[in-house]
Amino acid sequence: MIPLILGFACKAPPTETDPPASDTDTDTDAPPTTGDTGTPPVARPSLVSPAEATDLDPAPDALRVALVAAPHTWMAGDQTVGGFAYNGQVPGPTLRARVGDTLTVELDNQLGMDTSIHWHGVDVPFAMDGAGWQVSPVAAGESFVYTFVLEQAGTFWYHPHFDTAHQVDRGLYGVLVVEDPADPPVDSELVLVFDGVAEVEAGEDDPTVDPTPLRWLVNGLLDPVWSPPSGQTVRVRMLNASNAGYIALEDVRVIATDQGLLSAPESSTVLAPGDRAELEWSTGSAASEVTAVPWSLAGPSAFPAVPLFGVAPTGGLAAPAEVSWPFSGAPPTADPGRTDLRYTFTGSAENGWEINGQTWPSIEPDVVALGSEVVLEIRNVSPAHHPFHLHGMAFEVLSVDGVAPDTRRVEDTLDIGVQETVRLLVVADNPGDWMSHCHILPHAEDGMMTVLSVQ
Ligand code: C2O
Ligand code: CU
Ligand code: CU
């Protein structure tokens with residue numbers, strides 16, 4: 001699989017015989033950036049959640065936010081990025097609302113180029129989706145008001161859907177938290193947005209994007225330290241905003257993925273580009289380092305563990321007991337056995353990526369009837385993983401390679417491995433010309449996008 005990675009990496013990733021200087025072994029006691037023992041320790045930045053947006057509407061069931069998208073120079077670790085930001089911050093402001101709230105966002109486009117905002121994972125009315133089949137963007141200097149009711153609880157995100165790979169890579173992304181007031185209370189929340197440094201180092205005019213960034217920005221910071229009080233339960237909401245990098249975590253308590261609480265908790269997760277997951281994190285008194293299992297669009301890899309951030313709790317309290325989340329334990333929907341729609345993923349890094357042999361924008365939308373239940377079977381016969389994402393409607397995973405999940409699983413972004421076949425159930429209850437695509441944004445840009453038209 002390594003030749004595949006080299007095929008479109010902007011820099012050759014290290015091999016087993018050529019480990020990165022910053023991580024010569026898997027011992028995570030030392031800060032990753034000071035692996036060379038001759039270097040004095042560098043003060044690590046403090047990890048905090050991205051600042052939240054100001055609510056301009058005093059009504060309790062409305063969140064109204066002004067977002068200005070504009071050029072912004074920011075630091076990716078030690079690299080200066082001539083990029084963009086929402087309201088001058090990368091990640092953009094976190095929007096925090098509750099189920100049933102009306103979200104209104106006034107976008108002011110000061111980028112000097114077209115843009116839009118797409119509400120990834122939220123089943124918005126089509127006119128609010130910021131993307132679609134032959135939809136116009138918000139022109140430079142123009143503004144647009146997005147407004148819709150938030151009907152799903154979970155951790156979602158927003159990003160442009162025009163010139164997407166470039167604009168997201170340069171800093172336009174933020175988290176949308178939709179709380180469910182019925183959830184058990186926790187002591188605090190931490191929002192974590194991951195983005196690969198290697199990508200932003202690639203430079204604005206460099207079309208290549210490293211699919212295996214070995215250095216990750218966490219909330220825009222390289223190698224930060226999180227210092228929560230000990231003895232607390234923290235709900236950690238994570239987003240992988242990277243264009244192409246994967247983050248795999250083990251020995252964690254995963255309580256939610258793309259579409260809110262899981263039916264049952266899990267102990268590991270792989271965040272493909274565009275994915276979200278939530279962890280229940282019980283802080284004890286011991287310090288630790290959080291590393292990711294090396295993973296890429298070629299699957300698990302032999303690279304060293306990937307440093308993310310340090311944890312240095314304050315105080316000497318023990319970790320609290322687990323929270324009783326209302327996991328439903330619901331079984332998956334039985335596979336109806338028929339197939340209404342088939343997508344086959346083909347292609348290569350050299351020749352581009354395709355869905356059913358079609359390349360965006362030369363695609364023929366698939367049309368399904370409003371109100372129908374669509375069984376979508378996707379076969380990936382290409383030599384890379386592809387995180388499949390559908391706009392407008394979340395989907396249930398019926399099976400992966402013929403095996404149904406243990407419990408009901410609803411997602412909006414699903415990584416599909418090499419030679420894997422997944423069967424998805426889409427309840428086509430939202431009219432529109434919905435895009436679906438690989439969320440490795442260079443693949444999408446390459447043409448790996450299509451349209452599901454619900455009429
Ligand atoms: Cu996250 Cu089509 O988008
Ligand atoms: Cu989306
Ligand atoms: Cu892809």
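**Exercises on a predicted protein chain**

The protein chain has an accessible surface of about 17,500 Å², and carbon and sulfur atoms hold 52% of this area (Shrake-Rupley method, 1.4 Å probe; for residues, only the protein chains shown count as cover). The model is predicted: local features need pLDDT of at least 70, side-chain atom pairs count only at pLDDT 80 or more, and totals for chains, interfaces and linings use all residues. Residues are numbered from 1 along each chain as its sequence is written, chains are lettered from A and ligands numbered from 1 in the order in which they are written, and side-chain values use heavy atoms, with hydrogens and water left out.

**Exercise 1.** Find the donors of the copper ion (ligand 3) and their spacing in sequence.

*Solution.* 
1. Donors are N, O and S atoms within 2.8 Å of the metal (3.2 Å for Na, K and Ca); water is not among the atoms, so sites may look incomplete.
2. H386 (ND1), C438 (SG) and H443 (ND1) coordinate the copper ion at 2.0 to 2.1 Å.
3. The spacing of these donor residues is H-x51-C-x4-H.
4. Both C438 and H443 are buried (under 20% relative accessible area, with exposed over 50% and partly exposed in between; 1.4 Å probe, protein chains only).
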